[in-house]
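Me: I would like a close look at a single part of this structure. Please keep it brisk and take me through it step by step.

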Amino acid sequence: TGKFTYDPGFMSTAACNSSITYIDGDKGELLYRGYPIEQLAVNCDFLETCYLLLHGELPTAAQKEEFVGTVTQHTMVHEQMNFFFRGFRRDAHPMAVLTGSVGALSAFYHDSLDISNPVHRDVSAIRMIAKLPTLVAMAYKYNIGQPFVYPRNDLSYSANFMRMMFANPCEEYKVNEVLVRALDRILILHADHEQNASTSTVRLAGSSGANPFACIAAGIACLWGPAHGGANEAALTMLESIGSVEKIPEFIKQVKDKNSGVKLMGFGHRVYKNYDPRAKLMRETCYEVLNELGLHDDPLFKLAMELEKIALEDDYFVSRKLYPNVDFYSGIVQRALGIPTSMFTCIFAMARTVGWIAQWNEMISDPEQKIGRPRQLFVGSEKRDVPAIDKR
Ligand code: CMC
């Protein structure tokens with residue numbers, strides 16, 4: 001005791017050096033490998049963003065073609081996975097199914113256990129980026145009792161995912177490019193976010209030399225919580241429970257009452273003390289998607305905008321620098337795409353997989369890497385003797 005700094009929640013401890021993602025929380029700025037998220041969201045697709053996060057530079061046209069080709073070669077999961085899925089209850093939460101099925105991947109790819117070999121690390125990264133959409137769509141199809149839809153490799157990453165989610169095997173599935181682009185944007189915006197709770201979990205799990213599938217499964221488990229990736233699901237449930245614009249003041253009153261335990265989900269962030277730049281882009285995407293679907297008057301979107309307006313003028317939120325985060329609007333977009341609320345965090349996991357893998361690889365490649373082993377300030381009993389059972 002006394003030798004260590006007490007820092008619950010890691011408010012002021014930098015646990016690693018990283019050159020992947022930079023956040024300026026006061027300015028509300030997010031950069032992947034130096035590139036502003038606003039520019040990436042408009043000029044790049046998700047797989048280009050994956051290449052950037054993994055390799056440090058945007059791909060040339062030839063590099064992109066090769067990368068996309070490699071990813072699409074790995075979209076299928078082992079047929080044995082079908083039986084693994086059948087072990088779950090149909091009504092299981094899809095995040096439980098995803099945590100289990102991603103963890104199970106290391107049972108299929110023995111080369112992933114040899115993390116000292118960069119070739120094996122690279123192929124594990126590609127496998128995970130390629131297979132997550134397949135597993136997420138399988139979790140959904142299993143839940144609704146429909147047959148699994150196999151990946152189609154002539155489609156883009158996001159179009160293939162939409163088809164695996166929504167195609168009826170007996171009919172041709174028509175891809176809507178506006179909706180596909182919106183999904184791709186969701187994936188870009190969620191791809192990495194430096195040392196958040198799930199990424200730190202992946203790094204800590206990986207620091208012991210555990211295989212990358214096991215580490216990503218640990219990250220998915222951490223992401224599930226409502227304070228982290230589960231916030232998009234919680235934010236939409238909150239909007240639905242508020243129900244109408246007239247009920248907002250009453251709801252805000254509850255949030256401000258510290259004894260109520262009610263939070264404004266999709267608001268606040270450990271690092272951003274300004275508008276989350278991802279939330280702005282997500283709000284624009286909301287407009288695009290709702291317009292495309294002829295839902296300009298979507299009551300939930302109107303409710304969210306009004307709630308944001310009221311909160312941003314309220315002293316409780318102003319004084320604490322609480323602004324909308326990415327999850328405030330992402331649920332509305334996902335709902336408009338037809339994705340059920342219980343799947344929202346799975347979509348987040350699908351997007352964040354590349355960030356987790358890039359961060360894991362950065363850590364493993366660092367010659368100074370050590371096992372993560374936080375210390376504690378011991379506040380328990382002093383040394384004492386065990387009394388006989390009749391003396392306790
Ligand atoms: N609603 C009401 N009050 C809040 C909220 C909120 N959403 N967020 C923070 N506060 C209050 C908090 O009660 C505290 O008040 P006081 O100083 O009077 O005790 C103050 O603001 C500071 O908050 P904090 O809890 O110390 O901040 P933190 O950095 O520990 O927590 C957070 C950050 C994201 C967990 C929190 O803001 C929160 O729970 N937000 C709602 C859940 C959410 O939207 N999460 C998604 C985060 S972004 C995507 C992701 O990372 O997955």
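Which residue in β2 is the bridge partner of Y22? Start there, then tell me about the sheet around that pair, and finish with the ligand.

Reply: The partner is L31, in strand β2. Keep in mind that this is a predicted model.

Now step back to the two strands. Strand β1 covers residues 21-24, and strand β2 covers residues 29-32. They run antiparallel, and four bridges join them. In general, strands of a sheet pair through backbone hydrogen bonds, and the pairing can be parallel or antiparallel.

Next, the turn. β1 and β2 form a hairpin with four residues between the strands. In this hairpin, G28 takes a positive phi near 75°.

D24 belongs to strand β1. Is D24 buried or exposed? Its relative accessible area is 16%. The cut-off for buried is under 20%, so D24 counts as buried.

Last, the ligand. There are 21 residues around the ligand. Those that come nearest are H228, K258, K263, L264 and R270. The shell divides into 10 nonpolar, six polar and five charged residues.

Begin with H228: one of its polar side-chain atoms lies 2.7 Å from an oxygen atom of the ligand. Move to R270, where an N or O atom of the side chain is 2.7 Å from an oxygen atom of the ligand. Then find F267. Here a polar backbone atom is 2.9 Å from a nitrogen atom of the ligand.

How much of the ligand does the protein cover? On its own, the ligand has 930 Å² of accessible area, and the protein covers 73% of that.

Definitions and conventions:
Residues are numbered from 1 along each chain as its sequence is written. This is a predicted model: local features need pLDDT of at least 70, side-chain atom pairs count only at pLDDT 80 or more; totals for chains, interfaces and linings use all residues. Side-chain values use heavy atoms; hydrogens and water are left out. Two strands pair if DSSP finds at least two bridges between them. Buried means under 20% relative accessible area, exposed over 50%, partly exposed in between (1.4 Å probe, protein chains only). A residue is near a molecule or strand if one of its heavy atoms lies within 4 Å of it. A polar contact is a pair of N or O atoms within 3.5 Å; within protein, one must be able to donate a hydrogen and the other to accept it, and residues adjacent in sequence count only if both atoms are side-chain atoms. Accessible areas come from the Shrake-Rupley method with a 1.4 Å probe; for residues, only the protein chains shown count as cover. Ala, Val, Leu, Ile, Met, Phe, Trp, Tyr, Cys and Pro count as nonpolar, Asp, Glu, Lys and Arg as charged, and the others, Gly among them, as polar.
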